[in-house]
Amino acid sequence: MSLTIARRRFYTWHQCFRCVRSDGKLKGWASSPSRRHASTSLSSHDEVVKTTRNIGIIAHIDAGKTTTTERMLYYSGITRRIGDVDDGSTVTDFLPAERARGITIQSAAVTFKWPPENDGSSSIKSSSSKSNLSHTINLIDTPGHADFTFEVIRSLRILDGAVCVLDGVAGVEAQTEKVWAQANNWSIPRIAFVNKLDRDGAAFGRTVKEIGSRLRGWPAVCQIPWWEGGKGRFTGVGDAINLRALKWVEGGDGKTIQGFSLEKLGEEDAAFQAELIKARAALVEALCEFDEELLGTWLEHDDDSVAIPAQAIIDSLRRCIIDGSGRVIPVFAGASFRNIGVQPLLDAVNDLLPNPTERPDAEVSLGSSKGTLSELLQGKMIQSSGSNRQLSKKTNKPTALVASIEACALAFKVVNDLRRGVLVYVRVYSGSIHRNAALWNTNLHVTERAQRLLQMQASDAIEISNIPAGQIGVIAGLKHARTGDTLMSYSGANPKTGPPAPLNTLQLRPIDVPPPVFFAAIEPHSLSEEKNVAEIIALLLREDPSLHVNMDEESGQMLLSGMGELHLEIARDRLVNDFKAKATMGNIEISYRESITAVTASHRYEFDRDVAGKKGRAACEAFLEPIEGSDASQGSSFERDGNLITIRMPEPDDDAPLPGELSAEALSMALVNGATAALARGPRRAFPLHSTHVVLTFDPKLDCFGTDTTPVAISSAARFAVHAALKEAHSNNSIALMEPVMNVVISCDESSLGAIVHDLSSARGGHVLSLENDSASETAFAELPSIDIDRVYAPPDPFASGSGSGESVNGPGQQRHVTARVPLKEMVGYLKHLRSMTGGRGTFVMSVDRFERLSGPREKAV
Ligand SMILES: Nc1nc2c(ncn2[C@@H]2O[C@H](COP(=O)(O)OP(=O)(O)OP(=O)(O)O)[C@@H](O)[C@H]2O)c(=O)[nH]1
């Protein structure tokens, strides 16, 4: 029994109450002497990276992400008191709007050590060497509400692993599936934590089966819940990996844990001991189906699953999840609110989730060519993009060019901190960002100095001297960088022009921003407030690129648009309460679209005006057509907000060179920007255009006027030409209105299903696509092979109705999922209605499916 705890004892899990800030241990990343400590003695950067975990907590709203994060901070010694979501004292939900509503809006990033450094000897040691070594955990608590899905996506792309928190009563919920699918897209290795097992109606076994049926991954049950006397209070967990049971002392802060070896457990609770042995056998069998190495170990141990060393199981779990496909899902159990199960979950983060070097190479794009960061750093992408002619004479070798890259980082979050000003969160992908480094922003084409580097512990910060590859840190004081921008430090770069082309356009892991479907007008209280309000909105937009702002030129109104009603309500809170803008936000309305129904004539516009005291002259030609069936093969095309913009331009020659130092690429961008600005406001009802194909022709022979042809003049010519074509379409009655149609997934119980379906299809003009139960084969992961749920091990659920065998997915209380396509207009205020139809239990999520042309009667109602 060397693998298990020898005797019954009371333990304290990592008894360490030091504030990391006060002892300065985290000052300076990498191999600074201050980070060396007795237990880990990390000496090189490689070792530091190996003990780093960049992880996120993802889930459906209210599953307990913030509650779990608060416990993690407490047990790691970052906080001295457990924060509570319900009384608004959490560390990670620190915006007033979050605390007031008890929900997470911004993904907070915190750094802590697990186990805490120089941990006392009285901790329960895991049999894994990793979980006994102090790791740096950069943790992101993401929002669960569907309006903030984009916040989740932009966090996911910088993560190396995730913990998916599930509500043990509600099981796998609609938003869980959604974030799970996004994690699949980014190949993020994941573990699942079934929380709230202390609540009435908690059903761990049913949730395990739902994980298999709905998330289409094999649930590898690593822990099973321990109910007092088999049917009583939730008191601890059985650990199938380490073959032990852990009991948390009731009413405490969760630091005192009683450990039971398998033998001792037999004396305490023989039935639970038998179940734990069953769980171990099921875990080993499940893993052997995916992992030949463990199969070999199992055979070596004469098929005795109890005899297999815990470390062999941990290594196998790691191998099974590291590819991020979600084919195997390690499942853990707990109740964060009762302080049960969080420390072993943290051990699992160290043991099972990858370090930054174990992740696939980051995707990058350089102009139109795509590749990986290591291909770029080897100079390969520069050769393949054929851009050699753009390289300067001095450094015309691609390898020499990339050798000067000192750091590449992605700004994944911008926060306006009331005390520290604007903070830009970055994940560094290569090299190291040093304090005072000049950072070239490849999106905005500006250089900014990284004057202060910080490491965040939610609302607290520690100054650091550098942020090396693989780490997450904060740059304070940047004036321009926005969420999603790529930042590059390049030795010898000219601050005005940045690194040499094409490196100056490098993009790390680009993502698409979904279309906004709600908008509201912002009215400053006075003319003199306008500038201040515009500046505050610009800051909000730096924080959140899924918010958009348009100036309505005719009414002079500022229109703010976003992903949902809550999204805009929060933006209003931030604007008025946090930033103290003297402005009012009008009613939140649906953002319809306008679209072209017939081809227009070609309109040539010659722009000839002074812009900012400088002469500007350029011309271009534009026509519009419906996107459907249009031909975009001639010229180069760009997708913008659901429209297509094609640029047709004869190759420049010596007779008609491009003006000044303009490259063909910069000229195209100027044309695209001009057309995009014109498409932002339709001629009929001032809604943005959609499904429209703009064809712009720019002939340098006719449309260039020497050095007067500046990018601003070219943009303006394109904007006016597209305006003219739109005006013509409107006067010919060729502009239709389109409405956002949502993909809605409603979770309810069997008894309310009929009423919900009837309401959707008769009263709301919806189209029901599928009705699934939890064991149904259709889920959001239809492309993945389905799992034979009968073969999945799950312990019995003592409290779930009609269960006891763990096979309760088809029981009377089973969840149903209705998927439907419904116009957004019919979904406004739906939650209240759903709650009344389902006795408060129904939930739903929705996302934009498409924009559809409005029929006659619906158009009249707009
Ligand atoms: N009984 C019980 N309640 C819990 C547990 N964990 C969380 N809760 C409660 O569930 C509610 C939601 O918890 P949060 O931690 O805010 O959930 P969240 O997932 O962060 O929610 P969002 O950030 O809004 O998505 C709060 O009232 C918590 O007190 C648990 O283990 N048991």
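These legends describe close-up views of a predicted model. Local features need pLDDT of at least 70, side-chain atom pairs count only at pLDDT 80 or more, and totals for chains, interfaces and linings use all residues. Residues are numbered from 1 along each chain as its sequence is written, and side-chain values use heavy atoms, with hydrogens and water left out.

**View 1. The largest nonpolar core has 129 residues.** A nonpolar core is a set of buried Ala, Val, Leu, Ile, Met, Phe, Trp, Tyr and Cys residues joined through side-chain atoms within 4.5 Å. Buried means under 20% relative accessible area (1.4 Å probe, protein chains only). F112, I191, F204, L376 and L503 have the most contacts inside this core. Helix α9 (residues 270-290) supplies its largest share, nine residues.

**View 2. F112 and its contacts.** Beyond residues up to four places away in sequence, F112 touches M72, L73, S76, I78, H135, T136, I137, L139 and L346. Contact means heavy atoms within 4.5 Å.

**View 3. Another core, of 64 residues, lies apart from the largest one.** Among its members are I464, L547, L575 and F844.

**View 4. Helices α16 (residues 530-543) and α17 (residues 565-578) cross at roughly 135°.** Helices are DSSP runs (H or I, at least four residues), numbered from the N terminus. The two axes come within 10 Å. Axes are lines fitted to C-alpha atoms over the stretch in contact, and angles run from 0 to 180 degrees between N-to-C directions. I536, I537, L540 and E543 of α16 meet A571, R574 and L575 of α17.

Note on methods. Helices (H or I, at least four residues) and strands (E, at least two) are DSSP runs, numbered from the N terminus. Buried means under 20% relative accessible area, exposed over 50%, partly exposed in between (1.4 Å probe, protein chains only).
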